[in-house]
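Let's take a walk through this structure together. Have a look at it first, and then we'll go through the surface, the fold and the rings.

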Amino acid sequence: MSQRYKVIDSAEPTFVTITIIDWVDLFIRPIYFKILDDSLKYCIENKGLNVHAYVYMGSHIPR
C-alpha cells in the first residue's frame, strides 16, 4: 500500500476525494450508487468510520 495516502494523525479530519477513471458518470446508475451507499453505511456502523459529511456526485465523491 502506498505511504502517500495514509492517515498520519487519526485525530485530525482527513479530506478524501474518489474519482472514476475518465470521469465516467458511474454513480448515476442506481445499482452502483446503492453498493457505494451500503458500503459507506456498513463502515460507519460496523467499522468505526467517523464521517462528518459526504457528497455523492455522478463521477466522483468529494468528502
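## A patch on the surface

Patches are made of residues with over 30% relative accessible area and no salt bridge; like charges are joined within 9 Å, and nonpolar side chains (Val, Leu, Ile, Met, Phe, Trp, Tyr) within 5 Å. A salt bridge, in turn, is a side-chain nitrogen of Lys or Arg within 4 Å of a carboxyl oxygen of Asp or Glu. Accessible areas come from the Shrake-Rupley method with a 1.4 Å probe, and for residues only the protein chains shown count as cover.

With that in hand, here's the patch: Ile31, Tyr32 and Ile35 make up a nonpolar one on the surface, and together they have about 310 Å² of accessible area. Tyr32 sits in helix H1, which covers residues 30–46.

## Where the numbers come from

This is a predicted model, so local features need pLDDT of at least 70 and side-chain atom pairs count only at pLDDT 80 or more, while totals for chains, interfaces and linings use all residues. Residues are numbered from 1 along each chain as its sequence is written, and side-chain values use heavy atoms, with hydrogens and water left out.

## The overall fold

The protein chain has 1 helix and 2 strands, and they come in the order β-α-β along the sequence. Both kinds of element are DSSP runs numbered from the N terminus: helices are H or I with at least four residues, strands are E with at least two.

How much of the chain is buried? Of its 63 residues, 14% count as buried, where buried means under 20% relative accessible area, exposed over 50%, and partly exposed in between (1.4 Å probe, protein chains only). The chain exposes about 5500 Å², with carbon and sulfur atoms supplying 59% of that.

Is Asp37 buried or exposed? At 12% relative accessibility, Asp37 counts as buried. Leaving aside neighbours within four places in sequence, Asp37 is in contact (heavy atoms within 4.5 Å) with Tyr54 and Tyr56.

## The ring cluster

Rings of Phe, Tyr and Trp (its six-membered ring) pair if their centres lie within 6.5 Å; planes under 30 degrees apart count as stacked, over 60 as edge-to-face and the rest as tilted. The whole structure has 2 aromatic pairs. Phe33 and Tyr56 form an edge-to-face one, at 4.9 Å centre to centre and 90 degrees between the planes. Tyr54 and Tyr56 form a tilted pair, at 5.2 Å centre to centre and 50 degrees between the planes.
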